[in-house]
Amino acid sequence: MHKIKLLLLGVGILLGTQTVHAQKKDKIRYKADKLTNAKVEGKKFKKLIGKVVFTQNETIVYCDSAYFYTKENIMEAYGRVRIKDGDSVTITARKLIYEGDDETALLREDVVYRRGRKRLYTDFLDYHMTTEVAEFKNDGKLVDEHNTLTSSYGIYYSRTEMAYFYNDVLLVSPDFNLRTDSLEYFSRSKVAVSKGPTYIDDRKGTTVDSKGGTYRTQREQTTFAKGTIETRNYILVGNDIFIDEMKKYYTAKGDVVMTSKKDDIVIYGDEAVYDKEKGVSKVYGKPVMKKIMQDQDTLFMSADTLVAIENVDKDKERVLGYHGILIYQEALQGKCDSVAYFLSDSTIHMYRDPVLWNEKSQMMADSIDLTFRNDLLYKMKLRRQSFMASLDTMGQYNQIKGRRMVGNFDDEGHIESMDVEGNGESHYFVLEGDSLFIGMNKIFCSRMKILFENNQMQNITFYNQPEAKFIPPLELLKSQHHLEGFTWRVDEKPTKQDVLTRNLEKKTSSQMEGVPVSDEMVETVKREVDKRLSPEQKKALQRNNVQRPER
């Protein structure tokens, strides 16, 4: 029994000894043209000169000269150093310290790491043979088939082809440059992930400033957690931004702010889409446009969808608004279904049941044009079924209607005159002072001109054989107070808060969505827009026709 135990103990010791030998690293083997033994400060080493070759497992090292410390299993190599690690990795340098027990290569000066078509350049590289991990600590540059990456410090995992770069990171791709302090790069998929302040500029002048994101460089797609995109004309800010550079298509979601750099226009919303190739930006989700006017006055406009259209020809640049338009300025408020705002001449075209309020006056028509000069309302055109009403000091409504009206405003934005052209009709209440009612003038005339003072009607001039009738107070019937089509819609007049919050709860007498649009009005709108566009621009406008996306 004792003999059996001793035999088993001996087998165990033998197996243990074999395991230790199996786990022990292979010693470095070497050869050279010339070999001498040397000793410095008690350390013995071999000095190898000429066509030096070291091998360990699958690693082969070539150099011009070397010191080999046999006891420590460490080699120092100089000259044209070249490491071949298996079939995939080759590293060249001017100096090398190779630690055989750890299979670690410490390469210095003019280091070039090669794996397939990838290159890593640095002057300071530590390479671990067993894990195939390369680490540089004093500036490095990784180059693959698609991108170039540089940084102060980095780690490259050869097996997974993943790289981590830190401090002064620069990614140069065919279409853009990226700068950040921390970047993960997946060399196989060409995907880069930054985790910190990141700045991008492309070859066409577009820049991105963000807090990090994911960049699919082969697909030219980028996703940001939060950032700012700046183009030639606009600055776009959002919480979540996506860029498809191949399709020239950008999107932003959450707290979106789009700023026109040259027109003092800012658009706020929940979501924005920018088609760079077509030069079309669309903002959804309760968008509000803010235009800074003279003397710090501001024009606010909200819609269901706002669209900004870029063009090298400034006359073609415009902002379009669709559905539920609300407009607010200190001296002017309005609403309609859609607008076109041409930036070159500061003209706003209002379509489909437009109504405007200028202090105590209300104006309605099939379509209305507003032209601003020096950021103040300069001219107003009411096209077809034009109707103007104003409230006098006694609470009565002076009314004018006609086919077309043109209003002119003074340097302070107050109405000075209104020209009526075609089928003119007027109800004008005559007062003595502010409180004595004398009667009402009822007039039919194809052309007339109304003069205003302090936004109150003061005088009317009639042309082309007017038909006039004066009705004294005692003969004036209640049914004669209003012209046909009169509606006082002051309850619909939006406040600044209504515009900013997209408050559409106020009831309309006509309910905008149900208002019929005459063929004549449609043709008028087309003519007004088409006369500004070349045949090429008309085709482009048709291609870029804006449709509200499905939610």
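**Salt bridges, core and surface of a predicted model**

Glu-145 and Lys-190 meet through their side chains in a salt bridge at 3.8 Å, N to O (a Lys or Arg side-chain nitrogen within 4 Å of an Asp or Glu carboxyl oxygen). Glu-145 sits in the loop between β10 and β11 (148-151) and Lys-190 in the loop between β14 (176-186) and β15 (191-194), so the pair ties together parts 45 residues apart in sequence. This is a predicted model, where local features need pLDDT of at least 70, side-chain atom pairs count only at pLDDT 80 or more, and totals for chains, interfaces and linings use all residues. Numbering runs from 1 along each chain as its sequence is written, and side-chain values use heavy atoms, with hydrogens and water left out.

**Overall picture**
- The protein chain has four helices and 40 strands, taken as DSSP runs (H or I, at least four residues, for helices; E, at least two, for strands) and numbered from the N terminus.
- Of the 551 residues in the protein chain, 49% are buried (under 20% relative accessible area; exposed is over 50%, partly exposed in between, with a 1.4 Å probe and protein chains only).

- The structure holds 20 salt bridges.
- One of them pairs Glu-109 with Lys-95, the closest N and O atoms being 3.2 Å apart.
- Asp-126 bridges to Lys-137 at 3.7 Å between the closest N and O atoms.
- Asp-126 is buried at 9% relative accessibility, whereas Lys-137 is partly exposed at 43%.
- Back in the lead pair, Glu-145 is partly exposed at 40%, while Lys-190 is buried at 4%.

**Nonpolar core**
- The largest nonpolar core has 98 residues, and Leu-96, Leu-107 and Leu-370 have the most contacts inside it (a core is a set of buried Ala, Val, Leu, Ile, Met, Phe, Trp, Tyr and Cys residues joined through side-chain atoms within 4.5 Å).
- Leaving out residues up to four places away in sequence, Leu-96 touches residues including Val-61, Met-75 and Ile-83 (contact means heavy atoms within 4.5 Å).

**Asn-408**
- Asn-408 lies in strand β36 (residues 397-409) and counts as buried at 18% relative accessibility.
- The side chains of Asn-408 and Lys-379 make a polar contact of 2.6 Å (N or O atoms within 3.5 Å; within protein, one must be able to donate a hydrogen and the other to accept it, and residues adjacent in sequence count only if both atoms are side-chain atoms).
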